[in-house]
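Subject: Structure for your files

Hello,

Here is the structure I said I would pass on. My notes follow below it.

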Amino acid sequence: MTRGSLECTQRSERWPMEPAGTMPATEHKEVWHDYPLSRQPVVSIDNDTHAMYLINPEHEPGWLFAARITMPDDSPLKVYRLSPITPEMQPILRNPLSGNFPREGTSLPTVQGNAVFWQRYSGKKAKRDPAQTFLALASHEGFHKLKQEHWNWDGGLLNDTGRFSTESLKGKNFETLGEAYTSLTIAQQELGKKTPDVQQVRKGVTGYLDAMDRLNRLDPEFVHAYAGEETFEGTAQYVRDQAVRSTGTTLNIMHFSNKDNVPFTYIVPNIQSGKLDASFIPSDVVYESGATLCEAMDTVGFDYQTYLDTAKPGSTKTLMQLARMAMRQ
């Protein structure tokens, strides 16, 4: 492809993504302290159209494979459409095992002289679901890669995160988890209000933590795994939600593609009736319970982010432990 043919087709093109200028919102103090996504060169890949965009490069890309996109006058972003034959993107595009974003523990690829975080998304899904937009996905996954990889967790917490077993959720154990979710729903509903009642938020979170303490006495292995995953995924989910909301888009706690603002009390009865599989807890619910704890700690004015960002071996804490501190202050 020649420079002339690329520029001819792109000269008047505008970035066909959700509201331009949203990437810097991820740096706002209400999202996460010093989260570098807005300063990080990023490549978006639309799986539907195969369009690729290089956003905020540190180094000007070569003209042969990139064309500058016209952005709104008030947008701080620099955006370039990448040619589908951009050499550095071929290992990602042609490898069926490359996934949807850079895996943790791997180096960021260099594209046109820039170390980039890349993210696949579906433009079609993004139009129907705010949780599937490029900003939502990149904010969440980028937090894992760009922020959490620098956390100095100890006690195996980071290694313990992942899809944990729910085999022990029977009888009294399951009943106690249900009690925890009943209390967390109080906080969830209050946080959904324009001006939450702080005491109601405290009541809901404290009840959740008390129930999880009781469950810990019954099944410490389950709660240990739950708390680790809740911290790892819940903080990333919180960042996703706050980034999307900063654009003026509504994204509630417990948002799913077919249901929105689902109460936590929905979970246990529907698992018991067979409408949900218990695997829904590690695959989805811990993301939302963790995000709820983060929002609750925001509401009471507790700086949990600094604890997580600066913890040293021997002083790391899960969201549950931090929330307990926050509710007591």
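This is a predicted model: local features need pLDDT of at least 70, side-chain atom pairs count only at pLDDT 80 or more; totals for chains, interfaces and linings use all residues.

Residues are numbered from 1 along each chain as its sequence is written, and side-chain values use heavy atoms, with hydrogens and water left out.

The sheet

The chain holds 12 helices and 7 strands (DSSP runs numbered from the N terminus: helices are H or I of at least four residues, strands are E of at least two). Five strands make up an open sheet of mixed pairing in the order 3-4-2-1-7; two strands pair if DSSP finds at least two bridges between them. From one strand to the next, the twist averages 25° (angles run from 0 to 180 degrees between N-to-C directions, and axes are lines fitted to C-alpha atoms, for helices over the stretch in contact).

Strand 2 (residues 52–55) runs antiparallel to strand 4 (residues 79–82), with 4 bridges between them. Strand 3 (residues 66–68) is also antiparallel to strand 4, through 3 bridges. Leucine 82 of strand 4 stands opposite methionine 52 and also opposite alanine 66. Helix 4 (residues 134–146) lies across strand 1 (42–46), strand 2 and strand 7, at about 140° to strand 7.

Burial and cores

Of the chain's 329 residues, 54% count as buried (under 20% relative accessible area; over 50% is exposed and in between is partly exposed, with a 1.4 Å probe and protein chains only). The largest nonpolar core has 77 residues, and Trp32, Tyr181, Tyr208, Tyr226, Ile281 and Met297 have the most contacts inside it. Such a core is a set of buried Ala, Val, Leu, Ile, Met, Phe, Trp, Tyr and Cys residues joined through side-chain atoms within 4.5 Å. Helix 10 (residues 280–300) gives the largest share of this core, 11 residues. A second, separate core of 12 residues includes Val43, Met52, Val111 and Val116.

Helices 7 and 8

Helix 7 (residues 198–218) packs on helix 8 (residues 220–245) at about 135°, with the axes 6 Å apart. The two helices are therefore oblique to each other (angles under 35 degrees count as roughly parallel, over 145 as roughly antiparallel, 65 to 115 as roughly perpendicular and the rest as oblique). Among the residues making the contact are Tyr208 and Met212 of helix 7 and Phe222 and Tyr226 of helix 8; contact means heavy atoms within 4.5 Å. Leaving aside neighbours within four places in sequence, tyrosine 208 also has Tyr181, Leu293 and Met320 among its contacts.

Arginine 240

Is arginine 240 buried or exposed? This residue of helix 8 has 8% relative accessibility, so arginine 240 counts as buried. Not counting residues up to four places away in sequence, arginine 240 touches Ala131, Ala136, Ser139, His140, Leu251 and Glu288.

Regards
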